[in-house]
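Subject: Structure handover

Hello,

Here is the structure I promised to pass on. Please open it alongside this message.

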2 protein chains.
Amino acid sequence: MLKAHVSVSLDGFMAGPDVNVEQAMGRGGEDLHAWQFAEQQDPIDREVAAAMFSTATVGAVLMGRRTLDVGIGHWGDDGTFERPCFVVTHRLRAPVVKGATTFTFITDGIDTAVEQARASAGDKDINAMGADVIRHLVAGSIDELSITLVPIILGAGATLLGDLTPNVVQLDQIDARHSATVTHVRYRVRR
Amino acid sequence: MLKAHVSVSLDGFMAGPDVNVEQAMGRGGEDLHAWQFAEQQDPIDREVAAAMFSTATVGAVLMGRRTLDVGIGHWGDDGTFERPCFVVTHRLRAPVVKGATTFTFITDGIDTAVEQARASAGDKDINAMGADVIRHLVAGSIDELSITLVPIILGAGATLLGDLTPNVVQLDQIDARHSATVTHVRYRVRR
């Protein structure tokens with residue numbers, strides 16, 4: 001299954017404004033992931049975070065070039081993901097290998113990237129990352145969208161689903177759980 | 001306490017576009033309240049809906065003139081609310097009485113309307129309605145904001161918190177529960 005998990009502010013942003021290498025999540029946007037990186041992590045948050053990139057279930061990662069560019073400096077020598085990552089881009093470059101993580105660049109569109117990620121993931125899931133990629137996939141071929149609703153106000157930034165056609169897809173809530181600070185909801189996406 | 005409860009689409013809208021008397025919630029916006037008006041209502045949804053306007057806890061209602069104008073035709077001969085309602089407006093008019101519901105028009109600003117609603121509500125809560133009023137109050141004097149996250153995509157409309165100053169307030173999640181179709185989350189608002 002093709003899945004995405006995004007943390008969203010109460011005013012509907014999945015990243016703050018001015019995303020760049022110094023602030024990969026935009027201004028204030030790192031607060032969206034405080035639940036993932038808390039020193040004393042809530043048990044519910046720990047479970048949800050662990051499932052997002054569990055090697056037992058996630059076989060490949062799909063992302064936009066921008067997500068790679070602003071993220072890779074933060075992802076360490078092992079590249080964090082430790083599985084094949086497919087990067088949608090207009091500028092071809094040779095694969096980047098960091099430990100068990102490989103970043104392969106796909107220049108003929110997101111649908112091709114999805115195909116290659118599926119082939120690579122086999123029976124496992126694909127985890128999609130990045131505002132543009134997720135928005136495109138929600139209108140396209142995504143099977144499941146998970147959101148974590150974070151009670152912060154960013155005021156501006158990248159919206160989760162901005163400018164989609166009304167009801168372009170049907171979303172069915174299939175699970176909801178909350179920790180002390182945030183709420184996690186999973187939706188199945190139907191066309 | 002001054003409270004508001006809004007149903008929000010997954011793309012962050014609390015009403016669809018083109019709000020008017022024929023479609024008080026804007027285009028597609030009535031789907032935001034399907035959980036409230038389902039024939040076979042989920043028990044969780046029933047509890048949440050009942051609490052929103054419980055006469056045991058809510059002593060007054062605060063709304064904008066637009067909310068009144070597009071809503072009153074739908075609210076029946078008893079005016080639905082059966083308690084004092086305060087309407088923020090620029091155009092003074094005489095109070096409107098519908099059964100146990102009175103609509104009093106306040107022309108000197110939302111803060112005055114809040115004061116009058118507080119005086120009228122006594123120890124009970126005030127329930128604020130309408131996009132502009134709620135947005136103003138979130139940045140102002142609201143104590144609690146409840147949202148119901150509804151998995152529909154409206155594409156356009158009135159945003160829940162659009163254009164607020166980043167982190168103008170602190171929001172603490174104090175409760176979260178879900179029915180089969182939607183998720184209800186309550187936040188305490190701190191300044």
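This is a predicted model: local features need pLDDT of at least 70, side-chain atom pairs count only at pLDDT 80 or more; totals for chains, interfaces and linings use all residues.

**The interface**

Start where the two chains meet. Chain B puts 32 residues into the contact, and chain A also puts in 32 residues. Together they bury about 2,400 Å². Carbon and sulfur atoms give 59% of that area. Which three residues supply more than any other three of the area that chain B buries against chain A? They are B:L10, B:I153 and B:Q173, with 28%.

Now look at the strands on the chain B side. β8 (144-150), β10 (170-178) and β11 (183-190) of chain B each supply at least two residues that touch chain A. β10(B) gives the most, with four residues. By class, this side of chain B has 21 nonpolar, eight polar and three charged residues.

What about polar links? There are 10 residue pairs in polar contact between chain B and chain A, counting pairs with both residues at pLDDT 80 or more. Salt bridges across this interface number zero.

**A loop residue to look at**

Go to A:S179. This residue is in the loop between β10 (170-178) and β11 (183-190) of chain A. Is A:S179 buried or exposed? Its relative accessibility is 4%, so A:S179 counts as buried. The cut-off for buried is under 20%.

**Salt bridges**

Over all chains, the count is 18 salt bridges.

A:E144 and A:R186 meet through their side chains at 2.8 Å, N to O. The pair links distant parts of the chain. A:E144 is in strand β8 (residues 144-150) and A:R186 is in strand β11, 42 residues apart. A:E144 is buried, at 4% relative accessible area. A:R186 is partly exposed, at 31%.

The next pair is in chain B. The side chains of B:R65 and B:D69 form a salt bridge at 3.2 Å, N to O. Why are these two about one helical turn apart? Because they are four residues apart in helix α3 (residues 65-71) of chain B. B:R65 is buried, with 12% relative accessible area. B:D69 counts as partly exposed, at 31%.

There is also a network to trace in chain A. Salt bridges with shared partners join A:K3, A:D125, A:E144 and A:R186.

B:D18 and B:R27 form a salt bridge at 2.3 Å, N to O. B:D18 is partly exposed, with a relative accessible area of 46%. B:R27 is partly exposed as well, at 46%.

**Aromatic rings**

The search of the whole structure finds six aromatic pairs over all chains. In chain A, ring pairs link A:F53, A:W75, A:F81 and A:F103 into a cluster.

Best wishes

Terms used: Residues are numbered from 1 along each chain as its sequence is written. Chains are lettered from A and ligands numbered from 1 in the order in which they are written. Side-chain values use heavy atoms; hydrogens and water are left out. Contact means heavy atoms within 4.5 Å. Buried area is the accessible area (1.4 Å probe) that two parts lose on being put together, summed over both. A salt bridge is a side-chain nitrogen of Lys or Arg within 4 Å of a carboxyl oxygen of Asp or Glu. A polar contact is a pair of N or O atoms within 3.5 Å; within protein, one must be able to donate a hydrogen and the other to accept it, and residues adjacent in sequence count only if both atoms are side-chain atoms. Ala, Val, Leu, Ile, Met, Phe, Trp, Tyr, Cys and Pro count as nonpolar, Asp, Glu, Lys and Arg as charged, and the others, Gly among them, as polar. Buried means under 20% relative accessible area, exposed over 50%, partly exposed in between (1.4 Å probe, protein chains only). Rings of Phe, Tyr and Trp (its six-membered ring) pair if their centres lie within 6.5 Å; planes under 30 degrees apart count as stacked, over 60 as edge-to-face and the rest as tilted.
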